[in-house]
Amino acid sequence: MLIDFFFALRAAKLPVSVREYLTLLEALKAQVIGPSVDDFYFLARTTLVKDEAHYDRFDRAFAAYVRGVEMRADFTQDVPLEWLRKRLELELSPEEKAAIEKMGWDELMETLKKRFEEQKERHEGGSKWIGTGGTSPFGAWGYNPQGIRIGQDKGRNRSAVKVWDQRAYKDYDDGVELGTRNIKVALRRLRRFAREGADLELDLDDTIHSTAANAGLLDIKMVPERHNKVKVLLLMDVGGTMDEHVHRVEELFSAAKSEFKHLEFYYFHNCVYDFMWKNNRRRFSEKFATWDVIRTYNKDYRLIFVGDATMSPYEILQPGGSVEYNNEEPGAQWLQRLTQAFPKHAWINPEPQGVWQYRQSIAIIQQLMNQRMFPLTLAGLEGAMRLLSR
């Protein structure tokens, strides 16, 4: 009975294998869940989805199958902003509201698909097209007892059955901006576990083997806890054009501190020169020489730069090019020394990747980093972590 469900997931481009499908059937046969759609959802997601980045796609495919909804409308396409600009807001009497008929789910979705195919311009005050201020089930600032809200910041009547501008688990799409939890998921690509320290964790397999060899008398075996032994040196650009990226960089920093036990960090501004700092309030009184940083940490450390690489090219290529002081050597020289000292390195750029080609300084930094620059997105972080884990 679940063959159609399996093919629905494959049609949604989820990497679901036959082996995983058989595991789901085995779990159902063993009655590990009760007769509940919610329980089935979590069981199916656990057995069939291998990567949290696919949760959003799974949710849509699951809803389409369980609710009998075909995926007819593309909820990722953009609606022209001119169609949704607020010019009037409809106010109706209770009698007028009661006279408006509502569509069923299938009719609603099929009609929306047709509207996208047919509509070519803005509409307002009507009952049919995607628009504003009317009684159409598609749009904003109007009224319909059951419709799809598009382009309205907040619902007034709370009667929409779907909101075009909002989707559950949206943050798992590869190209969107990240939250701390999603960053942690990406950073986990960079892991090298080792058991070090005191014996604090039960070794179940060894305990079973030892107990059996001891004629059934319990013989508990302990092992040290597993820790991520990867060492990370994090260098973060701060100030200037980085001010507009503060929130996302803070999220990245927070996630990195929780994921990596061996994490060292320093700040720089625009480009690395002969010193860095750990406290921005005391950055001139408590400086750390870049040469000392290079000598302190060995090549086992993964070097990660975080910065928008947006500056005057002179700040990278010329002595004295720094905007804050007269540096004796160009920033490019220090970047080369750092990348040579730490062969496993990458640059994370919070600036949208679409503008990189228009920034001369970004092109220069990319060349100095051997093209190891990645955007601050889920896909970008995962790519950087895979590179650093080699």
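I started at Lys-50, where a polar atom of the side chain lies 2.5 Å from the backbone oxygen of Pro-15. This is a predicted model, so I keep in mind that every distance here is computed from predicted coordinates.

What else does the side chain of Lys-50 join? I found a polar contact of 3.0 Å to the side chain of Glu-20. Once neighbours within four places in sequence are set aside, the contacts of Lys-50 are Pro-15 and Glu-20. I also looked up Val-16: it is 34 residues from Lys-50 in sequence, with 8.5 Å between their C-alpha atoms.

Where does Lys-50 sit? I placed Lys-50 in the loop between H3 and H4.

**Glu-20**

Next I took the other end of that side-chain contact. Glu-20 belongs to helix H2, residues 18-29. I read a relative accessibility of 13% for Glu-20; buried means under 20%, so this one counts as buried.

With neighbours within four places left out, I listed Pro-15, Thr-47, Leu-48 and Lys-50 as the contacts of Glu-20.

**H2 against H3**

Thr-47 and Leu-48 sent me to the helix pair. Which residues of H2 and H3 meet? From H2 I noted Glu-20, Tyr-21, Thr-23, Leu-24, Ala-27 and Leu-28; from H3, Phe-40, Leu-43, Ala-44, Thr-47 and Leu-48. The two axes come within 9 Å and cross at roughly 145 degrees. I logged the crossing of H2 and H3 as right-handed.

**Rings**

I counted 19 aromatic pairs in the structure. Phe-5 with Phe-62 is one of them, edge-to-face, with 6.0 Å between centres and 85 degrees between planes. Why does this pair tie together parts 57 residues apart in sequence? Because Phe-5 lies in helix H1 (residues 3-11) and Phe-62 in helix H4 (residues 55-66). Phe-5 and Phe-62 are both buried.

The centres are 5.9 Å apart and the planes are at 35 degrees, so I put the pair down as tilted. Phe-40 is in helix H3 (residues 37-48) and Phe-62 in helix H4, so here the parts tied together are 22 residues apart in sequence. Phe-40 is buried, as is Phe-62.

Which residues make up the cluster around these rings? I wrote down one aromatic cluster formed by Phe-5, Phe-40, Tyr-41, Phe-42, Phe-58 and Phe-62.

I also looked for charges over rings. Arg-45 lies over the face of Tyr-55, 4.1 Å from the ring centre. Lys-287 has its charged end over the ring of Phe-275, at 4.6 Å from the centre.

**Whole chain**

Last, the totals. How many helices and strands does the chain have? I got 14 helices and 13 strands. Of the 390 residues in the chain, 46% are buried. Taking contacts between residues at least 6 apart in sequence, I found that 64% join residues at least 24 apart.

Conventions. Residues are numbered from 1 along each chain as its sequence is written. This is a predicted model: local features need pLDDT of at least 70, side-chain atom pairs count only at pLDDT 80 or more; totals for chains, interfaces and linings use all residues. Side-chain values use heavy atoms; hydrogens and water are left out. Rings of Phe, Tyr and Trp (its six-membered ring) pair if their centres lie within 6.5 Å; planes under 30 degrees apart count as stacked, over 60 as edge-to-face and the rest as tilted. Helices (H or I, at least four residues) and strands (E, at least two) are DSSP runs, numbered from the N terminus. Buried means under 20% relative accessible area, exposed over 50%, partly exposed in between (1.4 Å probe, protein chains only). A charge sits over a ring if NZ of Lys or CZ of Arg is within 6 Å of the ring centre and within 35 degrees of the ring normal. Contact means heavy atoms within 4.5 Å. Axes are lines fitted to C-alpha atoms, for helices over the stretch in contact, and angles run from 0 to 180 degrees between N-to-C directions. A crossing is left-handed if the near helix is turned anticlockwise from the far one by less than a right angle, and right-handed if clockwise. A polar contact is a pair of N or O atoms within 3.5 Å; within protein, one must be able to donate a hydrogen and the other to accept it, and residues adjacent in sequence count only if both atoms are side-chain atoms.
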